[in-house]
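Walk through this model with the coordinates open.

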Amino acid sequence: MAANMYRVGDYVYFENSSSNPYLVRRIEELNKTANGNVEAKVVCLFRRRDISSSLNSLADSNAREFEEESKQPGVSEQQRHQLKHRELFLSRQFESLPATHIRGKCSVTLLNETDILSQYLEKEDCFFYSLVFDPVQKTLLADQGEIRVGCKYQAEIPDRLAEGELDNRNQQKMEMKVWDPDNPLTDRQIDQFLVVARAVGTFARALDCSSSIRQPSLHMSAAAASRDITLFHAMDTLQRNGYDLAKAMSTLVPQGGPVLCRDEMEEWSASEAMLFEEALEKYGKDFNDIRQDFLPWKSLASIVQFYYMWKTTDRYIQQKRLKAAEADSKLKQVYIPTYTKPNPNQIISVGSKPGMNGAGFQKGLTCESCHTTQSAQWYAWGPPNMQCRLCASCWIYWKKYGGLKTPTQLEGAARGSTEPHSRGHLSRPEAQSLSPYTTSANRAKLLAKNRQTFLLQTTKLTRLARRMCRDLLQPRRAARRPYAPINANAIKAECSIRLPKAAKTPLKIHPLVRLPLATIVKDLVAQAPLKPKTPRGTKTPINRNQLTQNRGLGGIMVKRAYETMAGAGVPFSANGRPLASGIRSGSQPAAKRQKLNPADAPNPVVFVATKDTRALRKALTHLEMRRAARRPNLPLKVKPALMAVRPPVPLPAPSHASSTNEPIVLED
C-alpha cells in the first residue's frame, strides 16, 4: 500500500513509450482535472542520452575533476559505464503528465564530496546529480547547493596578542569603526537624537515630491522614516561628529535642506515590486535568474536587500497565507496501482509465426547486454530489422537506467583509452549510425559527408563463423545482396555450438604466387603509351580571328570533323581519340558550348562522342571491344576499309574584318 502511494516531492518513474526508458521526474503538484483524472505537475530530470555529445564531454570532464578532488577509489570499466546511467541532470522545466503513467519510485540526491560513487551501484533505483541542464540554452551549470567543506573555505584566525603587545597591522585597511560603545553619551540622549532623526526624515519626505506621491499620508511617511536606514544614518552621524549632539544635529539639517535617507523598499516602484513577486514565484530564491530575466536594470545587491525587506511586510504574510490555503485545497497524495499489462515488446514465443510479438526472431539469439541464451522472458529491443532482444533482467535495467549493463563495441568500449569523449551512454540503436573509431577532431567532417562512413573490424570468432557456418551465411548470396541484413548473433551462436565438434586439423590454404613489385612496375611502364613530343622552336602562324573563335572551348571536348583527324592506318585509342595531338584546323565547324556539371564527372576528363566514333564502335567485333575494354591504354588498330573519307566542309567567312592583318606567331 505504501509503495503505491505517491506524494508531492517524490521522485518517480514515468513511462511515455513502451520501448524507451522511463522518465525520471519529481512531483511538484497533484491536480484533479474536470473529468476526474489526476495530473501531476513534475520537474524534468534528464539522462546522458538526452543531451548532446558536447555536453556529455563537459559532464565527463566535471566527473574527472570530482574524482580527483574527492579522491574516489578506483572502479572498473563496467562500473564506470554503469555510473553514467545513474547520473542525472536537474532542470527548471515543468510539465504535466497523467498520474496513471507512474511506474514506481526512485531516489535522486545531490552529489556530495563525501559520497563514494560505487555506493550508488549497490542500491536499486538510486540516482545522483551535480549539474543543472538548461533545455532552452543547451548549457550545463553547476548546482548552487554545493556544500563547501575544507580548509580553503574556512577563515584564518590570527594568534591572540599578548598583554602589552602592540598590533602593527594597518587598521584602516582591515576595518573601519562605525560605533564606539564607550562614548560619553547616555542611552537617553542617544534615544532622543534618534527621535530627532526620524522627525527630520518625515519632514524631508514631506518636502520631496516623489515621496509625497508614494506616501500620501503622514502615517506612511512616518513609518518610512522609522526604518533602519534612518537609524543607521543617525548613529553614523554621531560617530563622525565625535558624539557631539550639536554638531550631529547641524549635520542632519545642512544648509540645503534636511537629509533624506531611503532604502530599497522606497526606491523600488510598485510595478518593480510586482515583477519581483512574479519572478520569485517562478525561480524561487535564485536571484541571478531573477535579475537576468525580470530586473536587469537592478543590481544583485539591490535585489537581495529588497528580498529581505520585503519579507518584513504584510504583503509577504498575505502571500504566505494564500499559498498555505491553496496547498490545503490540493491533493497531498495519490494511490496508483501496480501496472500489470503486458509490454508490446514482449516476445511470447520465439520463432513463431510473423506477428507483433517476436515476429521473425530466429533461434540461437542471445541477449544484447549479458549475452545469455536462457531467460524466462524475452523482449524485442532496437530496430525491428536487427532482431535484437534482451532478457528479463536486462530489460528492467534498460527501462530504469536507460542503457545496457555491459558496454558493447557499438557503445564505444572498443576504442582506446586515448579517446577523451566516450559514447558509452548511447544505446545500440542510437550508436549504430556512428563509427566507434571516429575521433573528436574528425567527427565534424564525418557528419558533414553525404554518405555514411564506417569501419568493419572482424574478430576471430567472426572469421571462424564464416567457414564453419557457410550453409547459414551463404556468402555468395550475401555478396549479391549487400543491402539484406545478416543475423550475426545467430550465426555466432551456431558457430559456438559447432566449434567443439569441428575437426582439429588446420584448414588447407593454397598460397597465391605473386610477382615481385619490380616486375609489375616494369610491365606497367612497358605497356604505357609514350607521349608524342612536339619539336621545339617551330613557329605556327595563327590568325587572330581563329584565336577569338576558339577562345573558351579548350576546357571541353567538342565535336570535330572525322576527316581532319583520321586517315588510312591512323592508330586510334579505345575511346576513339587519335594518339597524335595537334592543332585543330580552321575548317572545324563551330561547336555549341556545353554546360557540364563538375560534380557529375568522376574525373576531370570528359569524352564527347561523335557520329563517326559511334559508327567505328559498331564496326568492331565483340572480341575486339572486350580486348579494348580490358586494356584501354593500348592503341586500337583500325582497318583502312572501315574508314570512309568525306570531303571537308569549309567554314563560312567571318562576318567582321580582322583588327589587324599581321599574323600572330605562337612559339611552342
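Start at Lys 138, which sits in the loop between strand 7 (126–134) and strand 8 (139–142). Helices (H or I, at least four residues) and strands (E, at least two) are DSSP runs, numbered from the N terminus. This is a predicted model, in which local features need pLDDT of at least 70, side-chain atom pairs count only at pLDDT 80 or more, and totals for chains, interfaces and linings use all residues. Residues are numbered from 1 along each chain as its sequence is written, and side-chain values use heavy atoms, with hydrogens and water left out.

Lys 138 has a phi near 60°, a positive value in a residue other than glycine. Most residues other than glycine have a negative phi. Is Lys 138 buried or exposed? Lys 138 is exposed, at a relative accessible area of 53%. Here buried means under 20% relative accessible area, exposed over 50%, and partly exposed in between (1.4 Å probe, protein chains only).

Lys 71 gives another case. Its phi is positive, about 55°, and Lys 71 is not a glycine. Look for Lys 71 in the loop between helix 1 (53–70) and helix 2 (77–86). Lys 71 is exposed, with a relative accessible area of 71%.

Now the whole chain. The protein has 26 helices and 14 strands. Of its 668 residues, 30% are buried. The accessible surface comes to about 45500 Å², and carbon and sulfur atoms hold 56% of that surface. These areas come from the Shrake-Rupley method with a 1.4 Å probe; for residues, only the protein chains shown count as cover. Contact means heavy atoms within 4.5 Å. Among contacts with a separation of 6 or more, 64% join residues 24 or more positions apart.

One pair shows such a separation in sequence. Ala 2 and Tyr 335 are 333 residues apart in sequence, yet 8.8 Å apart in space, C-alpha to C-alpha. Ala 2 belongs to the segment before strand 1 (5–7). Ala 2 is exposed, with a relative accessible area of 59%.

Next, strand 2 (residues 11–14). Strand 2 has antiparallel partners. Four bridges join strand 2 to strand 3 (residues 23–32), with Tyr 13 opposite Val 24. Four bridges also link strand 2 to strand 6 (residues 102–110), where Cys 106 is the bridge partner of Tyr 11. Two strands pair if DSSP finds at least two bridges between them.

Another sheet is open and has three strands, in the order 10-11-12, with antiparallel pairing. Strand 10 and strand 12 (388–391) are the edges, each pairing on one side only. Strand 11 (residues 378–381) meets strand 12 over four bridges, and Trp 381 stands opposite Cys 388.

Asn 343 lies in the loop between strand 9 (333–335) and strand 10 (346–347). At 16% relative accessibility, Asn 343 counts as buried. Beyond neighbours within four places in sequence, Asn 343 is in contact with Glu 15, Ser 18, Tyr 379 and Trp 395. A polar atom of the Asn 343 side chain lies 3.3 Å from the backbone oxygen of Ser 18.

Finish with helices. Helix 11 (residues 270–283) has 14 residues and reaches 20 Å from its first C-alpha to its last, close to the 20 Å expected at 1.5 Å a residue. The expected span is 1.5 Å times one less than the number of residues. Its buried residues are Glu 272, Ala 273, Phe 276, Glu 277, Ala 279, Leu 280 and Tyr 283. Seen down the axis of helix 11, these buried residues fall within an arc of 165°, so they line one face of the helix. That arc is taken from the directions from the helix axis to the C-beta atoms. An α-helix has 3.6 residues a turn, so residues three or four places apart point the same way. The face turned away from the buried side of helix 11 carries the exposed residues Ala 270, Glu 281 and Lys 282. Cover for the buried residues of helix 11 includes strand 5 (87–98) and helix 14 (314–329). Gly 284 follows helix 11, with a positive phi near 75°.

In helix 21 (residues 488–498), Ala 490, Ile 491, Ala 493 and Cys 495 are buried. Their cover includes helix 18 (460–468) and helix 19 (470–473).

Key. A polar contact is a pair of N or O atoms within 3.5 Å; within protein, one must be able to donate a hydrogen and the other to accept it, and residues adjacent in sequence count only if both atoms are side-chain atoms.
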